[in-house]
Amino acid sequence: MSTSRERVALAIRHCITDRIPKGELCIDDAVILRDLQCERVSFPERYEFVKRLGLDLVCLAPEYQHENGLPESDTCIPPDLDRWTMETQLFSFALLDGVFGWGMRTLGYEEFFKLPMRSPQVFTSLLKEVEKLNI
């Protein structure tokens with residue numbers, strides 16, 4: 001029997017697995033609070049909930065503060081990344097925002113969609129900055 005990490009890695013490589021890997025992109029803390037009947041949600045509660053569901057993978061989203069423009073890359077580390085990777089056998093991956101997400105967040109809907117026509121150089125610069133941030 002494979003560990004969750006091994007199972008997902010095999011599936012990514014299109015190999016046969018002992019069962020289909022299971023995961024969820026986003027689990028709202030309110031669901032965990034209600035199910036576990038706890039007062040707060042942090043790593044132990046999230047891990048307990050994921051185990052109850054029998055998931056093989058966990059999706060981690062960075063939390064960041066930004067005023068104007070993109071944040072610094074060293075501030076974009078998913079919470080508890082070290083705990084998910086070191087203390088569990090789950091396959092962990094990070095959910096990253098692309099240029100669309102960052103463009104909408106920093107410029108707003110209308111300005112972002114006008115940018116490629118108004119200023120292709122600024123748009124290209126934004127693409128490169130988002131790529132650098134995500135790398």
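Predicted model: local features only at pLDDT ≥ 70, side-chain atom pairs only at ≥ 80, totals over all residues.
Show the side chains: Glu87 and Arg83 meet in a salt bridge, with 3.1 Å from N to O. Colour the pair by accessibility next. Glu87 has a relative accessible area of 46%, so Glu87 is partly exposed. Arg83, at 30%, is partly exposed as well.

That pair belongs to a longer list. How many salt bridges does a search of the whole structure find? The search finds eleven.

Now select Arg7, Asp18, Arg19 and Asp56. These residues are linked in a network of salt bridges. Begin with Asp18 and Arg7, whose closest N and O atoms are 2.7 Å apart in their salt bridge. Asp18 lies in the loop between helix H1 (4–12) and S1, while Arg7 lies in helix H1, so this pair ties together parts that are eleven residues apart in sequence.

Is Arg7 buried or exposed? Arg7 has a relative accessible area of 1%, which is under 20%, so Arg7 counts as buried. Asp18 stands at 42% and is partly exposed.

A second salt bridge is found here, between Asp56 and Arg7, with the closest N and O atoms 2.6 Å apart. Asp56 is in the loop between H3 and S2 and Arg7 is in helix H1, so the pair ties together parts that are 49 residues apart in sequence. Both Asp56 and Arg7 are buried.

Move on to the strands and switch to a cartoon view. Three strands make an open sheet in the order S1-S2-S3, and the pairing is parallel. Which strands are at the edges? They are strand S1 (23–24) and strand S3 (91–94), each of which pairs on one side only. Select strand S2, residues 57–60, together with S3: the two pair in the parallel sense over four bridges. To see one of these positions, pick Leu57 and look across to Phe91 in S3, its bridge partner.

Next, go to helix H3, residues 43–53, and select Glu45. Glu45 is buried yet has no salt bridge. Which side chain of opposite charge is nearest to Glu45? That side chain is Arg40, 5.1 Å away.

Turn to the surface and select Phe100, Tyr109 and Phe113. What do these three residues form? They form a nonpolar patch, with about 370 Å² of accessible area together. Phe113 can be found in helix H6, residues 109–118. Its relative accessibility is 44%, so Phe113 counts as partly exposed.

The last stop is Glu129, in helix H7, which spans residues 120–134. Glu129 has a relative accessibility of 41% and therefore counts as partly exposed. Glu129 and Glu63 are 66 residues apart along the chain, and their C-alpha atoms are separated by 18 Å.

Methods: Residues numbered from 1 in each chain as written. Heavy atoms only, no water. Buried < 20%, exposed > 50% of the residue type's maximum accessible area, 1.4 Å probe, protein only. Lys, Arg positive; Asp, Glu negative; His and termini not counted. Salt bridge = Lys/Arg side-chain N within 4 Å of Asp/Glu carboxyl O. Patch = residues over 30% accessible without salt bridge, like charges linked within 9 Å, V, L, I, M, F, W, Y side chains within 5 Å. Areas by Shrake-Rupley, 256 points an atom, 1.4 Å probe, with all protein chains shown as cover. Pairing = 2+ DSSP bridges.
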